[in-house]
Amino acid sequence: FLQKKMAAQDPPYNTASRARENTPLLGESRKEDGVASFSSALFNLTKGIIGIGVLGLPITFKLVGILPGLAMLLLCAVLGGFAAMLLQCCGARCGQFSYPSVAEAAWGRTGILIISLISVIYAFGTSV
């Protein structure tokens, strides 16, 4: 009933414009839902990290100044590199090479839950 009423109120369109309205902007998806390649996942993670840095750096430098801002930036870079090195070393020792696998090897099922929770909070936190 509602479709008939709405169709009666619609202005006349030609069939070509109506077909364009129903066509998806990005085309049809050929992949299964919920499946991403490694490169796609890596690119999305990189976008999130770089995006937050780009948004946060100017206000940081404005609030603390150039020299303290550069010192903080250098400290964060060193700590990030050290954390990545520790993760790689832990993965090599236990034979696991992903965050959840290393967390499971270190803390069992609780480790996987903690890493998953942190990942969800990070994902929602970076969706500005």
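Colleague: Which residue just after α4 takes a positive phi?
Modeller: In this predicted model, that residue is G95, with a phi of about 75 degrees.

Colleague: How many residues does α4 have, and what span does the helix reach?
Modeller: Helix α4 covers residues 66-94, which makes 29 residues. From its first C-alpha to its last it reaches 42 Å, close to the 42 Å expected at 1.5 Å a residue.

Colleague: At what angle do the axes of α4 and α5 cross?
Modeller: Helix α5 comprises residues 99-107, and its axis crosses that of α4 at roughly 65 degrees. The two axes come within 10 Å. Angles of 65 to 115 degrees count as roughly perpendicular, and α4 and α5 are therefore roughly perpendicular to each other.

Colleague: Is that crossing of α4 and α5 left-handed or right-handed?
Modeller: The crossing of α4 and α5 is left-handed.

Colleague: Which residues of α4 and α5 meet?
Modeller: From α4 the residues are L87, C90, G91 and C94, and they meet Y99, V102 and A105 of α5. By class, this contact has 6 nonpolar residues, 1 polar residue and no charged residues.

Colleague: Turning to the other neighbour, how do the axes of α3 and α4 cross?
Modeller: Helix α3 spans residues 38-64, and its axis comes within 7 Å of that of α4. The axes cross at roughly 130 degrees, and that makes α3 oblique to α4.

Colleague: And is the crossing of α3 and α4 left-handed or right-handed?
Modeller: Helix α3 passes α4 in a right-handed crossing.

Colleague: What residues meet there, and what are their classes?
Modeller: On the α3 side, L57, T60, F61 and V64 take part. They meet I66, P68, G69, L70, M72 and L73 in α4. The contact of α3 with α4 has 8 nonpolar and 2 polar residues, with no charged residues.

Colleague: Let us look at G69. Is G69 buried or exposed?
Modeller: G69, which has its place in helix α4, has a relative accessible area of 2%. Buried means under 20%, so G69 is buried.

Colleague: What does G69 touch, leaving out residues up to four places away in sequence?
Modeller: With those left out, G69 touches F61 and V64. As for L57, that residue is 12 residues apart from G69 along the chain, and their C-alpha atoms are separated by 8.3 Å.

Colleague: Now the whole chain. How many helices and strands are there?
Modeller: The protein chain has 6 helices and 0 strands. From the N terminus on, its elements run α-α-α-α-α-α.

Colleague: What share of the chain is buried?
Modeller: Buried residues make up 7% of the 128 residues in the protein chain.

Colleague: And what share of the contacts comes from residues 24 or more positions apart?
Modeller: Such pairs account for 22% of the contacts in the protein chain with a separation of 6 or more.

Key:
Residues are numbered from 1 along each chain as its sequence is written. This is a predicted model: local features need pLDDT of at least 70, side-chain atom pairs count only at pLDDT 80 or more; totals for chains, interfaces and linings use all residues. Side-chain values use heavy atoms; hydrogens and water are left out. Helices (H or I, at least four residues) and strands (E, at least two) are DSSP runs, numbered from the N terminus. The expected span of a helix is 1.5 Å times one less than its number of residues. Axes are lines fitted to C-alpha atoms, for helices over the stretch in contact, and angles run from 0 to 180 degrees between N-to-C directions. Angles under 35 degrees count as roughly parallel, over 145 as roughly antiparallel, 65 to 115 as roughly perpendicular and the rest as oblique. A crossing is left-handed if the near helix is turned anticlockwise from the far one by less than a right angle, and right-handed if clockwise. Contact means heavy atoms within 4.5 Å. Ala, Val, Leu, Ile, Met, Phe, Trp, Tyr, Cys and Pro count as nonpolar, Asp, Glu, Lys and Arg as charged, and the others, Gly among them, as polar. Buried means under 20% relative accessible area, exposed over 50%, partly exposed in between (1.4 Å probe, protein chains only).
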